[in-house]
Structure formats: structure tokens, C-alpha cells
Amino acid sequence: MVPIFQVRLEKEKLLSEKAFLQSLGLAQCLPGPIAFNVSRLCGQQIAGGWGSFAATLGVVIPPFFSVILVSLVLNWLQQAVWLEPFLSGVYGAALGLVGGMVYKVYRSQKWPPWKLAIVGGGIAFLFLFPSWVLALILALLVTLYPVEKRGRTPR
Amino acid sequence: MSLASLLVFFKIGFLSFGGGWTTVGLIEADLVGGGFLTAVEFSRAVSIAQMTPGPIALNLATYVGYRLGGFPGAALHTLALLMAPLLIVWIAGALSRKIPLQRSALLSALQTITAILLTSTLFSLLQTPVLSGKWGVVLIGAVAFFVFLKAKIDPVLLIFLCGGAGIALGFAGML
């Protein structure tokens, strides 16, 4: 979704590549679906508050109605013998795609032992105490940010 | 629909860094653990949210809301998920004026957190009782994994191909 935004916005001469990448960078630091944040920030740059509002609605409304439409169609198809195996196959696709994303996330960074230990510990922690996730994220942000920042500052 | 299920998505909104899939494991823990959906219903919700266009977490919120409370439920749950990103822009704006944050360092820190959340999501997707004995689904997942990484295939096409493979394996009695 996001690469399509960039191509279309540049083609329509609404936003430069630099301005787009700036919005994307900020969107990645914010919580929430990236497509949602990118569109909101781009809309803001193009036409201020109302631009942001319109872009937000533009990105939220189509998925909203397609989900409802798909639910209605599936309700209607409930008796079809192929529906359950079809959805199982789609679940398999989810496993494969998430597995692929996990692989890419690990490939895209360097993994010094301390970082691996943090990730391993974090996964174990979430497994044991899933409801403490917010505390975990905040604690990691507060500890990791200064470390990463120090690694970047030229001495 | 209840305030509790809305709060699940409101909370998830604050936690969704690095793309929607990072939070699917957390949503499952809260919804299945909280008794809002069964494991089977949740796996179905994941399949449906995935084959619908749009961010996965957003689709999941809409679908679960629709299941729990019809059209108003869908609207309220979607809104609950989006409250956090809407609120946080003001907080982030005010904060960044007070504390100048180095964006690349912040992104690296977030990437480590993303690795943790995404791995947890993969584990919880694999752990569901829905998969027990269904080796066909795991097989489809393994093939999809390699195709996704090796071939430049449109994920949407891959999703529907996997659905087709599910039907084929189902009729062959291998699911």
C-alpha cells in the first residue's frame, strides 16, 4: 500500500519524494498501522488539517466496508464445503507471510550478542506475561534508544 | 460487544509499532484469553482480515467488532484501534519540541522491539489449537514462506493461491 502512495503522490505532483520519505520516517516511529499514519501525515502536508482528515477517511473507509462485505459473503457461503479448507489455506498463507517478515526483520539488522539476548529475553517475557507488553515496550525504548544514539554519535 | 472488547483494541493501538502483524499475537492473547472469541473463531478472523485489503490490525478490529456487535460494533472497534495513533501525534509533537529525538536511533530501537513482537506473533499463530493435527496448513505455510521470500509474487495472489491449495488438500483428505 505504502509504495503505491509514493508513486501516485509523485505522479500527481502532490508531494515530493523528500517530503514523502519524511512522512514515512515519522509514521514508522508512531504507533498504529503505517498506511494510516503515512496517509494522515501526507494529507497534512498537502492540505493542512482538513487534508489530514480527508486522507484518514480515504484510507480507513474502503477496508472497513470490504471487511463487512467479506463477512456478509462468508455468512452467505457458510454451507459451502470448500469454505473451511479455503480459510485454512489462507491461514497457512498468514503463517508463511509472517514467517517471511520475521526472516526479513532479522536479516535487516546486525545482531550483536547483547541485542540477541534482549530479543530472546523479550520473547520469553511476552510468552510468560503477555499482559505486561506495554511495560516491556516502554522499558525497551527507554534502554535501547540511548544505546543506539550513542552508537551513532561521532566521537 | 462490551467496553472490555473495545479496551482491547484501544490498548493494542498504542502497541502497534512496525506494522500491524506485530500486534496480532497480542490481540489473540487478549481476545481468546478474555473469552471474547474462541481460538477457531480467531483463526478465522485472521484469515478474513488477511484476504481483505487494508492494514491487518485495522481489518481485524473491524471484523471482530462486526462479529461482536454488528455494524456499530465494527465502527466502534475500528475507532478504538485508531484512537491511540490519533492521540499520540499531539503528544509526540509536544514531546519532540521539548526533547529532540534522533529519528534513526529511535527507529533502530523500534526495530528491535518489532523483532520481539513479530516473533511472538508467529509463535502464537503456530501455537493455536486450530493447527493441531492439521499438517496440511503447516505445509502450505512452509511453501508460502519460501515463495514469499524467493519469488517476487504479489502477496494477494499468494493468499488466494494458498486458499486454493487448502481446498485441494481438503478434498484430498490431507487437511
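A residue is called buried if 20 or more other C-beta atoms lie within 10 Å of its own, exposed if 12 or fewer do, and partly exposed in between, with C-beta atoms placed from the backbone. The structure is a predicted model, in which local features need pLDDT of at least 70 and side-chain atom pairs count only at pLDDT 80 or more, while totals for chains, interfaces and linings use all residues. Residues are numbered from 1 along each chain as its sequence is written, and chains are lettered from A and ligands numbered from 1 in the order in which they are written.

Start with helix α3 of chain B, residues 39-51. Helices (H or I, at least four residues) and strands (E, at least two) are DSSP runs, numbered from the N terminus. Ten of the 13 residues of α3(B) are buried, so the helix is mostly covered. The buried ones are B:Phe42, B:Ser43, B:Arg44, B:Ala45, B:Val46, B:Ser47, B:Ile48, B:Ala49, B:Gln50 and B:Met51. From its first C-alpha to its last, α3(B) reaches 19 Å, close to the 18 Å expected at 1.5 Å a residue; the expected span is 1.5 Å times one less than the number of residues.

Now take chain B as a whole. Chain B has seven helices and zero strands. Its C-alpha trace spans about 60 × 40 × 25 Å along the principal axes, and 50% of its 175 residues count as buried. Two residues are in contact if their C-beta atoms, placed from the backbone, lie within 7 Å. Among contacts in chain B between residues at least 6 apart in sequence, 58% join residues at least 24 apart.

Helix α4 of chain B holds B:Gly65. Why does B:Gly65 count as buried? The reason is that B:Gly65 has 28 C-beta neighbours inside 10 Å. Leaving out residues up to four places away in sequence, B:Gly65 touches B:Met1, B:Gly73, B:Ala74, B:Leu76, B:His77 and B:Thr78. B:Gly65 also lies 8.3 Å from B:Ser5, C-alpha to C-alpha, although the two are 60 residues apart in sequence.

Chain A has six helices and zero strands. Its C-alpha atoms fill a box of roughly 65 × 45 × 25 Å, taken along the principal axes. The radius of gyration, taken over C-alpha atoms, can be set against a globule rule of 2.2 Å times the number of residues to the power 0.38. A compact globule of 155 residues would come near 15 Å, but chain A has 21 Å. In chain A, 34% of the 155 residues count as buried.

The two chains meet: 61 residues of chain A are in contact with 79 residues of chain B. On the chain A side, α2, α3, α4, α5 and α6 each supply at least two residues, and the largest share, 21 residues, comes from α4(A). By class, this side has 43 nonpolar, 14 polar and four charged residues. Here Ala, Val, Leu, Ile, Met, Phe, Trp, Tyr, Cys and Pro count as nonpolar, Asp, Glu, Lys and Arg as charged, and the others, Gly among them, as polar.

A nonpolar core is a set of buried Ala, Val, Leu, Ile, Met, Phe, Trp, Tyr and Cys residues joined through C-beta atoms within 7 Å. The largest one has 85 residues, and those with the most contacts inside it are A:Val90, A:Ala94, A:Val98, B:Ala45 and B:Leu60. Helix α4 of chain B, residues 56-98, gives the largest share of this core, 13 residues. Beyond its neighbours within four places in sequence, B:Leu60 is in contact with B:Val24, B:Ile27, B:Ala45 and B:Ala49.
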